[in-house]
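Subject: Structure handover

Hi,

Here is the structure we spoke about. Please open it first, then read my notes below.

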Amino acid sequence: MIDHIISYGHQHITDQDIDAVVEALKSDYLTQGPKIAAFEKDFAEYVGSKYVCVVSNGTAALHLCAMALDIKPGDKVITTPITFVASANGFRYCGAEIVFCDIDHETFLMDLDKLEDILKASPKGTYKAVVPVDFAGYPVDVERMRALADEYGFAIVEDACHAPGGSLIDRKGDKHMIGDGHYADLTVFSFHPVKHIATGEGGAITTNNKELFDKVSLYRTHGITRDPALLQENHGGWYYEMQELGYNYRITEFQAALGISQLKRLNWSIERRNEIAKKYDAAFANTSISTPFRAENITHAFHLYIIQVDKRKELYDFLRQNNIFSQVLYIPAHTMPYYKQFGWKQGDMPVAEDYYSKCLALPMFPSLTDEEQDWVIEKVLEFIK
Ligand SMILES: *Cc1c(COP(=O)(O)O)cnc(C)c1O
C-alpha cells in the first residue's frame with residue numbers, strides 16, 4: 001500500500017545540487033556570470049555540439065530559433081500535433097502559419113512519409129522550417145529529415161525537450177547524441193522540473209551553425225552586442241549597440257549552477273529510466289496494454305512511459321483513487337481552440353486523435369522506487385483484469 005501521491009514525473013534534487021545553488025548565491029554574480037558559460041560548455045561537451053545557448057525556458061528557446069531563422073508572418077512551419085503546444089507557439093510568435101503533420105502509429109513521432117507527402121505537394125521552399133519532436137524521449141530520424149531538408153529547402157528545429165541523453169545510430173553506423181548538431185540545424189531543450197534536467201525554468205539551444213548561434217545569442221539579450229568586431233561605432237569601454245529587437249531570455253547563475261550539477265546525473269537518469277521502462281514492459285507483456293515501441297538503433301530517453309489502453313478515462317480515474325497521478329499527454333494541438341481558428345479541426349489528424357483517445361503516461365522518473373513502481377503495476381493489472 002502506497003499512501004502518498006506518485007505523479008507521472010518528478011524532479012530529482014540532491015544535497016550536491018543544493019550546495020551548488022548556495023555557492024552560486026554567495027558568489028558575485030546572480031546573473032550574467034561565469035556559471036552560465038560553464039553550463040553551456042558542459043552541455044556542449046555532453047551532446048557533442050559546437051555551440052550551446054542556455055536560455056530562460058524551452059519556449060523562449062523555440063522563439064529564438066524562429067527569430068534566428070527569420071520567420072516572418074505567413075511563413076509556413078510544419079510540426080506534429082502530439083506535442084506540448086509550445087513547439088508550435090514559438091513560431092507563432094513570429095507570425096508563422098502552423099501546418100500540422102500527423103504522427104506515426106508506432107513511435108507517435110511525426111510521420112516522415114506523411115511529411116514527405118506534404119512537402120511534395122508544394123513547390124520547393126514553401127516551408128521555412130520543420131519542427132519534429134522527440135516525443136516521450138524517442139529520437140526522431142534526423143538523418144532522413146536532413147535529406148528531406150536538403151531536397152525541399154527547410155530548416156530543422158528539433159524539439160528535444162523530452163530527450164536530452166537520447167541518441168541514435170545512423171545508417172552509416174555512427175552514433176549521434178540528440179542535439180549534436182550533425183543533422184538538425186537547431187535543437188531545443190527544456191529544463192522544466194518535469195524534464196530530465198531541472199533548473200526551475202530553463203532551456204537551451206544547440207547548433208553547429210555559427211551564424212545561427214550568433215543570432216540566438218544576440219536575441220537572448222535584447223539584440224545588444226558588445227563584440228568590437230560587430231560594432232558600427234565604438235565610444236569606449238562602456239559602449240554597446242542594440243542592433244536588433246531582442247528579448248531578455250536569460251537564465252540566472254544559480255539556475256545554471258543547478259543545471260551543471262544535474263547534468264552530471266543525466267546518464268544515470270537515462271539508465272534508470274530505461275530500467276523502469278523494461279520492468280513496465282515485462283509486467284504488461286501478455287496483456288491488452290500496448291507498451292512503447294523502440295527500434296534497435298536508438299537509445300530512448302524515456303521522459304514519458306506511455307501505454308495505450310481502451311478504457312483510458314476509467315483507468316486514469318482508478319489510478320487517481322489509488323494515489324497514482326498518471327497523465328494524458330498530449331491533447332492534439334490542432335484541436336486546441338486557438339489553432340482551430342486557423343481552420344484545423346477534429347478529424348484532420350486521425351492517427352494523432354486515435355493515439356489521444358488511448359494514451360496514458362505512467363509514473364516515470366529516476367527516483368521512482370521499486371516499491372512505488374510495483375504499486376503502479378499492481379493497480380494497472382488489477383484494473384484491466
Ligand atoms: C516542456 C516542453 C516545451 C517547453 O519548455 P518550457 O521550458 O516549459 O518552456 C516545449 N516542447 C516540448 C515538447 C516540451 O515538452
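**The largest pocket**

Four elements each supply at least two residues of the lining of the largest pocket: helix 2 (34–47), strand 2 (51–55), helix 7 (210–220) and strand 11 (224–225). Helices (H or I, at least four residues) and strands (E, at least two) are DSSP runs, numbered from the N terminus. Helix 7 gives the largest share of this lining, 8 residues.

A note on the model before going on. It is predicted, so local features need pLDDT of at least 70 and side-chain atom pairs count only at pLDDT 80 or more, while totals for chains, interfaces and linings use all residues. Residues are numbered from 1 along each chain as its sequence is written, and side-chain values use heavy atoms, with hydrogens and water left out.

Back to the largest pocket. Its volume is about 710 Å³. A pocket is found on a 1 Å grid over the protein atoms alone: it is an open set of points where a 1.4 Å probe fits, with protein on both sides within 12 Å along at least five of seven lines, and lining residues have an atom within 4 Å of a point. Grid points are joined across faces, edges and corners, and the volume is the space filled by probe spheres set on the points.

The lining of the largest pocket has 27 residues. Ser217, Leu218, Arg220, Thr221 and Ile224 lie nearest the centre. By class, the lining has 11 nonpolar, 7 polar and 9 charged residues. Here Ala, Val, Leu, Ile, Met, Phe, Trp, Tyr, Cys and Pro count as nonpolar, Asp, Glu, Lys and Arg as charged, and the others, Gly among them, as polar.

**The second largest pocket**

This pocket has a volume of about 370 Å³. Its lining has 22 residues, and Thr107, Leu112, Tyr138, Val140 and Asp141 lie nearest its centre. Helix 5 (112–120), helix 6 (142–152) and strand 7 (167–169) give two or more residues each. The classes are 11 nonpolar, 2 polar and 9 charged. Domain 1 (15–263) and domain 2 (266–384) each provide at least three lining residues. The domain bounds come from an automatic or database domain assignment.

**The ligand**

Which residues come nearest to the ligand? They are Gly58, Thr59, Asp159, Ser190 and Lys195, out of 16 around it. A residue counts here if one of its heavy atoms lies within 4 Å.

The distance is 2.7 Å for serine 190, 2.8 Å for histidine 162 and 3.5 Å for asparagine 57. Helix 3 (58–68) and helix 4 (86–92) each give two or more residues to the shell around the ligand. Helix 3 gives the most, with 3 residues. The shell has 6 nonpolar, 8 polar and 2 charged residues.

**Backbone points**

Most residues other than glycine have a negative phi, and most peptide bonds are trans. Two places here deserve a look. Leucine 329 and tyrosine 330 are joined by a cis peptide bond, with omega about 0 degrees. Tyrosine 330 sits in the loop between strand 15 (324–325) and helix 11 (337–340). Glutamine 32 has a positive phi, near 55 degrees. Glutamine 32 is in the loop between helix 1 (15–25) and helix 2.

Best wishes

Notes:
A polar contact is a pair of N or O atoms within 3.5 Å; within protein, one must be able to donate a hydrogen and the other to accept it, and residues adjacent in sequence count only if both atoms are side-chain atoms.
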